[in-house]
Amino acid sequence: MTRWWWFGGAATPEEITRELTLMSESGLRGVELQPVYPLEVDDPKRGIRNIPYFSSEWYELLRHTVQETRRLGMQFDLTLGSGWPYGGPFIPVELAARRARALIQETAGPGHFSWRLAHEFTEDENIVAALAVPVLPSGQPDLQHSRVVWDQTRGPGTSAGFSGMGFDNWDVPPGLWRLTVVIDCPTGQQVKRPTLGMEGYVLDHFNRQAMDLFLAAAGDQVLNELKTTADPPFHSVFCDSLEVYGADWTPNLLREFERRRGYALTPYLPALWEEAGPLTPHIRYDYHLTLSDLILENFFAPLADWSQKRGMTARIQAHGAMGDVMQGYALAHIPEGEHIEGGDRYTVDIQHRRLASSAGHIYRKPVISAESYSWLRFPLFMVTLEMMKAASDAQFLDGINQIVNQGYSYSPPQVGQPGWTFYASTVVNHNNIWWRHYHYLTQYIQRVCTLLQQGVAVNPVGVYVPLADVYAKFGIGGLNMDVEIERQLGVQWLLELRRSGYDFDLINDDALARFASVEAGILRAGTGAYRVVIVPDVQFMPTESLEVLLRFAQNGGCVMFAGWHYTVTAPGLKDNSTRSARVKSILTTLRGTAPGLDRFEPCGKGEVLVSDHPSRVLAALPTALPPDFEILQAGDSSDESMQRARENVGFLHRRVDETDLYFISNISSFLQDLRVRFPLGHKQPQRWNPESGELDDTLVFSHSELASSNLPVTEVQLRLASYESCLVVFSAGENGPIITHSDWRGRLKIEKAGERVRVTGLIPKAGEYFLVDGGGKTHRFNVKDVPQPIPLNGPWRLTLGEKIVPELAQFRSWNDLPEGKDYSGWGVYETDFELTTLGEQIEWALDLGTVHETAEVVLNEINLGAAWKGSRNLPCGKALKVGTNHLKVEVGNLWIHHVQSLPKPDRKVLAETYGIRWGTYGEVKPASIPPSGLLGPVQLLPRKQWVATL
């Protein structure tokens, strides 16, 4: 599905219908409407009129959209409100996002001190507390002897000398004192990118009253207006990422803190601003834990509950939350991560994807969504379909199984091309040059997502989330948890874990404490089943989490500590000595009194390894658990080929009952010839092509046992072209392998004919080949009479729009042609060539060489299809003939070539009319401009039909 930007509400029913129809025809199955800032002022002559939110005309547009999406069979989701984060004109300042700031002065006693504060704060700010703390010789505050002068939870008169407006002749005890006044004030943040009528404060995400007001104003009001059209009118409501800057307070925080943590925060408030000795991390942990509780209970839970009671689901991006992000995802019906900035490569994204997918597995959320393609390239108009396919695969490999485009810009014909665009997105709409080929990508994504939503993820490694360490490290200032979790964990070793053939889920304290269970060496949480748990370098860990890991190890599991501190303590101030003693006791049981590094030690029925670095844990991991996806051979088996395969070929494993499904992707421009081991027992593999839907059920594979453990495994031979992916499905089968090894690559049809075996396929060049049958016998055969590739050197005729380019003797980028400079669109290449023979039993393919960016080929009036990614090869089929052949290649490039030549948009009148509401990040000049057109070399590639009978 796709996000659909409406700019200033400047929409019409006719254009809504047109664009929805175009989306449906392209294969998009749903839209998420997000109203944002206007891009033009009203212009009646051009039919442009901005329509405010909440107006009667606005609701008419929504009603029409509901009716049209239902007519077309499309899902319709709505972002509550406009822009992000949640907020709007109905949020008063007292319910807006808030922060704490401190006024600090030092004074020495004995003596008297006065400090008038009236001029230090505004009417929208409130004094939270005033306290005096002795200053130690080290300069740190002595929190054990702090004095609360005034505290809002106890009202005026807590202590003489403070009037609520300042210190008034306060008696200063002997020594140096640091006086701190804590003020609760609004952050002032406004909703980002709002449409007309939705300007206003961002709400206080820790405050239930603020959330209830928002849901009534932005939710119930809209539903009530639309209920005669449909009830509910939307499939899901959507919450965008919580980009709430600096929010770290809420008016009721002190009371909630004391109720939840069992002690008053006020005497310890300085620890949120400065180092205050050994108590500091525990106070900070308790403070952030309280904020986490509040945002979960007062924002995420009410949003999901409100949606469900009204017959809808809540699709929520929890990243950016000031708390346990995984619990935020857990409260969503559909957790949603995000792709951002150049994600078209094989990597691990903790911040935007792994937290969401892990929460989906642990908290049983079968659909795990992702906002996709944000800033895939910078600036706008630099993104190709090939990049989007690679970015989609990278998200699939991180556990995402629903793609939401970011996005489709509403853009009527009268605004021209490339039309209206959103500043931060990939332009995935009808104006993009490659739109005619976009349906190939949607079909692919739909097939993959359908399969990846089946069964459960198989991620046998659990990685503990060091939430307590992050809480303990940071004080006041608004904590972006997902960013800091990724920084605390580190990404490189987790990427190496993936490259080594393992997949993992992140496990948080909440899951371990509330519902994790242990049975027969497996730690279970939701649909997750973990045979190994890796605990990263941490200083703090709740006793409840350690208790579960101890039980896991004692019942046959494997716990691996990476870079483990020997002074680990329990986090939190209350009863810390008792809880830390329990932590020490558990660790002694787990690790022994003098654990050796990098060796497994028994613990009950299981084992424990302690190491000083994650790399050593990874080196030891195969001893405890075989890789789930092990590349045994790649290309010529050289170190370079193996490294290229490990760095670019990723996998995802799911299980449906007794069937195992692996999604495997080559996110690179390299051809990958692989032999891969799967520790599934002896099973029958099939290969599914998610681009075409074709099934290949006769693969080259073998059954064997691991020498170290006698574990039965299946090895499969796979070829992946550049940017190709496939699904390999394993099921129980009565028949063993027929062909176990071969250097005959590509798709083979293997069938038994009585006592004989017939193998049919295509061979690209003459030479000797071999097949090894199921009995271990090697069969060699020599293939002759395969012709050489035929270059198609032209000359070529080229037309760019209405411009005819002089005949080309060799290919050149359009950028280098006078007719092609600054041209964006489609170009048509044509040439004629002669063939005297097609050869015997030869199938020909057309290789276009390098194409910028997508191409469509017609040979002798027969359409060969589109070449939009990877190796631009298309089978010629029966189109090729002896005699004169006519070849036409249409190539589309990118809008950047034209856009970069245009002057910067003049938005002066727009800014004067509505204010500056848009981002300009996408309007910078690109560092370089990609080539355009067909660069070749273009050639015909022979493939000889061959049958080997064994």
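Mentor: The bridge partner of Asp847 is Gln939, which lies in strand β50. This is a predicted model, in which local features need pLDDT of at least 70 and side-chain atom pairs count only at pLDDT 80 or more, while totals for chains, interfaces and linings use all residues. Residues are numbered from 1 along each chain as its sequence is written, and side-chain values use heavy atoms, with hydrogens and water left out.

Your strand is β43, residues 842–847, and six bridges join β43 to β50 (residues 939–949), the two running antiparallel. Strands here are DSSP runs of E with at least two residues, helices are runs of H or I with at least four, and both are numbered from the N terminus; two strands pair if DSSP finds at least two bridges between them. Strand β43 is also joined by three bridges to β47 (residues 873–875), again in antiparallel fashion, and there Leu846 has Leu874 of β47 as its bridge partner. As for covering, five of the six residues of β43 are buried, where buried means under 20% relative accessible area, exposed over 50% and partly exposed in between (1.4 Å probe, protein chains only).

Now turn to the sheet, which is open and has six strands in the order β15-β26-β27-β33-β29-β30, with antiparallel pairing. Its edges are β15 (456–457) and β30 (695–696), each of which pairs on one side only.

Touching is a matter of contact, that is, heavy atoms within 4.5 Å, and the angles run from 0 to 180 degrees between N-to-C directions, with axes fitted to C-alpha atoms (for helices, over the stretch in contact). Helix α9 (residues 435–452) lies across β26 (649–656), β27 (659–666), β29 and β33 (725–731), and it runs at about 145 degrees to β27.

After α8 comes Gly399, whose phi is positive, near 100 degrees.
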